[in-house]
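Open the model in a viewer and keep the selection panel at hand. The stops below go from ring contacts to helix packing.

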Amino acid sequence: AYERRFPTCPLIPMFVASDIVNEYRSEDEAVHVIERRCKLDIDAPRLLKKIAGVDYVYFVQKNSLNRRERTLHIEAYNETFSNRVIINEHCSYTVHPDNEDWTCFEQSASLDIKSFFGFESTVEKIAMKQYTSNIKKGKEIIEYYLKQLEEEGITFVPRWTPPVACKLESSASHTRRPVSPAINIPDSATKEGLNNKEILNTSSSPLELTAGTPDDKLDADYIKRYLGDLTPMQESCLIRLRQWLQETHKGKIPKDEHILRFLRARDFNIDKAREILCQSLTWRKQHQVDYILDTWNPPQVLQDYYAGGWHHHDKDGRPLYVLRLGQMDTKGLVRALGEEALLRYVLSINEEGLRRCEENTKVFGRPISSWTCLVDLEGLNMRHLWRPGVKALLRIIEVVEANYPETLGRLLILRAPRVFPVLWTLVSPFIDDNTRKKFLIYAGNDYQGPGGLLDYIDKEIIPDFLGGECMCEVPEGGLVPKSLYRTAEELENEDIKLWTETIYQSASVFKGAPHEVLIQIVDASSVITWDFDVCKGDIVFNIFHSKRAPQPPKKDSLGAHSITSPGGNNVQLIDKVWQLGRDYSMVESPLICKEGESVQGSHVTRWPGFYILQWKFHSMPACATTNLPRVDDVLASLQVSSHKCKVMYYTEVIGSEDFRGSMTSLESSHSGFSQLSAATTSSSQSHSSSMISR
């Protein structure tokens, strides 16, 4: 079936052609090695192909079939750009050690980009995308050709048997006959062909079990009661990994349920599961995670203001955790506690979840290995996207993903507001694909309709704040008092500083010389997001729209349109002859921002065209009853030397196709802000919102 994909395969459009460059068959027909040169039409941008000077990419593929050992090994490496990029791929089909009617398939690859015309990052993304699509397509292709063979009446291939002369020799000697030096077999064929079994046995001996030992099978009742449905191969993987841990690991051996989570997270690839499990066990020992529930008491701030807690169970018997993220002052918690205390608290929640899974397994009489999380986003706004807070969240996700795989059975996200796509874009790359498939997102009150909350949670336990009748004891959150904040020096973190310096730009704003940023929008309903700090002086923030592009800033010696200073750049885009209302229009009400404020906001674009973000010097108004300036104005003006302000900003455009169906959530609550932002200055107009964190 595998050989049928040559010389070309219609199921792989990029596989254009192939030519055999070398072929070898052993005298006894047991070993067959074919080396091909394959021509590929890689899905890459035309510009990249033009720069590289190629239309096609060539790979060399060597297939080594050993009928005696019943193995097929496939090697591939790139011939094109081999001095710049090194790609190696290895696949193997082998017979399962416990059941000879089963075929095992393994695949691995490596990519090393030394240099590629300054497009190293792009090449890496293209290679990963291509490789991922090939993996997903592999099973489909082999099944296609198997079906084709069956339709032709070929359902069985006789097993290889040695020639008569070989049989006589083998009966005279029970030892393996060495390969004759007179036969010219390629080195790789020798290594991966005739001697392959010895290599495999040597490398995997710690995981092999002696046939017939009492530990090579699990009791059927035990599996059904505590582990769930396992195929014989999955059962075999669990036994082998557990035995390896018992023989080599010094310390507490995790329960079968926990080992099984790591195996499932890596699709029962023992080597990969063993690697991440060992890393996790080391991490647990270093941080004393096994004792966290008994030895660590959460600070009172967390107990009072962390709006999350356990609440009964879902319809499948999974423990249910409720998190009212929209009502939680994430910025206040980070400022009062720092990252470490928040991370430790989340770890204690996960440990409690494992314990509750064990209890529910006993109560319901069936295996329950994961929990359900219900996240209510009512009240979520740009305050929750405060940079250090997002950084803390990303770190928590990273640690939990690495050490608690397959513990989340389902994640129900309710009342997703307009800022949710911004948060989702930030965190989704850090979430495993298998975990992401368990997310269900509801905008507005959609969770109350068909396919909503009642499909997963009994009506009797739906929390009161979601319209149910069950009183939920989860803390309501609220603003953390600033008296509990720790100083910036105590919480100063080099990682935050690095991140800020990497993605944020600085700009100077002068009296009569605003700083402006141009954003071109091709598709309406895209979202422009911004995050900036007013480092010095007071400014006015505006957003404008124009159907035509402004002229690029002039690079004149006087710097009338583009000024560069040690404190940051100053770029002016709006021409002095342009008239507001004729050449461009205002799409957001002006927002006055004071020195020291942090401002986050978003704007859902209604029209394509050119959007201009403007930071303008804020002139102090004179007193209404007299021409004399006020004392406060005089003092403020003295603080702004030379009429200069400074901002650090970051902007991003999220395309409408990246919302993953969340556009309705953007529309559903475009003017709603939670109580958390009641003490802040905000402006909300139609399809846009801004929020200042003081």
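**Charges over rings**

Start by selecting Arg225 and Tyr226: Arg225 lies over the face of Tyr226, 5.1 Å from the ring centre. A charge sits over a ring if NZ of Lys or CZ of Arg is within 6 Å of the ring centre and within 35 degrees of the ring normal. Next, select Arg274, which lies over the face of Trp244 at 5.0 Å from the ring centre.

This is a predicted model, in which local features need pLDDT of at least 70 and side-chain atom pairs count only at pLDDT 80 or more, while totals for chains, interfaces and linings use all residues. Residues are numbered from 1 along each chain as its sequence is written, and side-chain values use heavy atoms, with hydrogens and water left out.

**Aromatic pairs**

Rings of Phe, Tyr and Trp (its six-membered ring) pair if their centres lie within 6.5 Å; planes under 30 degrees apart count as stacked, over 60 as edge-to-face and the rest as tilted. The count by this rule is 18 aromatic pairs. Select Tyr144 and Tyr145, an edge-to-face pair with 5.1 Å centre to centre and 80° between the planes. Tyr144 is partly exposed, at a relative accessible area of 39%, whereas Tyr145 is buried at 4%. Buried means under 20% relative accessible area, exposed over 50% and partly exposed in between (1.4 Å probe, protein chains only).

Move to Trp296 and Tyr345, a tilted pair at 6.4 Å centre to centre and 55° between the planes. Trp296 sits in the loop between helix 10 (292-295) and helix 11 (300-305), and Tyr345 in helix 13 (residues 339-364), 49 residues apart. Helices (H or I, at least four residues) are DSSP runs, numbered from the N terminus. Both Trp296 and Tyr345 are buried.

Then select Tyr2, Phe6, Phe15, Tyr93 and Phe105, which form one aromatic cluster.

**Helices**

Show helix 12 (residues 330-337): 7 of its 8 residues are buried, so helix 12 is largely enclosed by the rest of the structure. Among the buried residues are Lys331, Leu333 and Val334. Just after helix 12, Gly338 takes a positive phi of about 85°.

Finally, show helix 14 (residues 387-403) and helix 15 (residues 420-427), which pack at an angle of about 50° with their axes 10 Å apart. Axes are lines fitted to C-alpha atoms, for helices over the stretch in contact, and angles run from 0 to 180 degrees between N-to-C directions. Which residues meet here? Val390, Leu393, Leu394 and Ile397 in helix 14 meet Leu423, Leu426 and Val427 in helix 15, where contact means heavy atoms within 4.5 Å.

How values were computed: Helices (H or I, at least four residues) and strands (E, at least two) are DSSP runs, numbered from the N terminus.
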